[in-house]
Amino acid sequence: MRYNKRIMANPHRKAAIVILFLLAICIALYIRTIGIFDNHVLFLYDNARDLLFVNKIVIGHKLLLIGPSSGLQGYFHGVLWFYILTIPFIIGGGNPAIMTLFMAISSLLSI
């Protein structure tokens, strides 16, 4: 406990920690999004499944109460993530690159 107080008491160390954290976030954001801006979107099974469920909500007007199966019998994913993904789906017109960018940014913001 005393070690943490010593680090945070020094304003230069505190600023260095904040700068290092922000630098790490910027580097991670660059690494996660460089392929999107170069039109090399990594679009795999999970992204396609999510896009299909969002397509059912937005285009098909079918509201979901349970998500896809988790692989275990009787266990399903929740649908909140699909309703959150409707925002970039509508903004991007269904473009998978916009949804991948949204997923990359939201995962970094969760840190």
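Thr100 touches Ile36, Val41, Leu42 and Asn47, leaving aside residues up to four places away in sequence; a contact here means heavy atoms within 4.5 Å. Thr100 belongs to helix 5, and with a relative accessible area of 13% Thr100 is buried. Buried stands for under 20% relative accessible area, exposed for over 50%, and partly exposed for what lies in between, with a 1.4 Å probe and protein chains only.

The model is predicted: local features need pLDDT of at least 70, side-chain atom pairs count only at pLDDT 80 or more, and totals for chains, interfaces and linings use all residues. Residues are numbered from 1 along each chain as its sequence is written, and side-chain values use heavy atoms, with hydrogens and water left out.

The protein as a whole comes next. Its secondary structure consists of five helices and zero strands, in the order α-α-α-α-α along the sequence. Helices (H or I, at least four residues) and strands (E, at least two) are DSSP runs, numbered from the N terminus. The radius of gyration is 19 Å, whereas a compact globule of 111 residues would have a value near 13 Å. This radius is taken over C-alpha atoms, and the globule rule is 2.2 Å times the number of residues to the power 0.38. The C-alpha trace spans about 55 × 40 × 20 Å along its principal axes.

Of the 111 residues, 25% are buried. The protein exposes about 8400 Å², and carbon and sulfur atoms supply 69% of that area; accessible areas come from the Shrake-Rupley method with a 1.4 Å probe, and for residues only the protein chains shown count as cover. Among contacts with a separation of 6 or more, 51% join residues 24 or more positions apart. Asn10 sits in the loop between helix 1 (2–9) and helix 2 (11–37), and Asn10 is partly exposed at 28%.

Now to the side chains. How many salt bridges does a search of the whole structure find? The search finds one, and Asp50 forms it with Arg49, the closest N and O atoms being 3.2 Å apart. A salt bridge is a side-chain nitrogen of Lys or Arg within 4 Å of a carboxyl oxygen of Asp or Glu. Asp50 is buried at 5% relative accessible area, and Arg49 also counts as buried, at 18%.

Aromatic pairs number two in the whole structure. One of them is the stacked pair of Trp81 and Phe102, at 6.4 Å centre to centre and 25 degrees between the planes. This pair links distant parts of the chain, since Trp81 lies in helix 4 and Phe102 in helix 5 (residues 96–109), 21 residues apart. Rings of Phe, Tyr and Trp (its six-membered ring) pair if their centres lie within 6.5 Å; planes under 30 degrees apart count as stacked, over 60 as edge-to-face and the rest as tilted. Trp81 is partly exposed at 31% relative accessibility, and Phe102 is partly exposed at 27%.

His61 is found between helix 3 (45–58) and helix 4 (80–92). Although His61 is not a glycine, it has a positive phi of about 55 degrees. His61 counts as exposed, at 66% relative accessibility.
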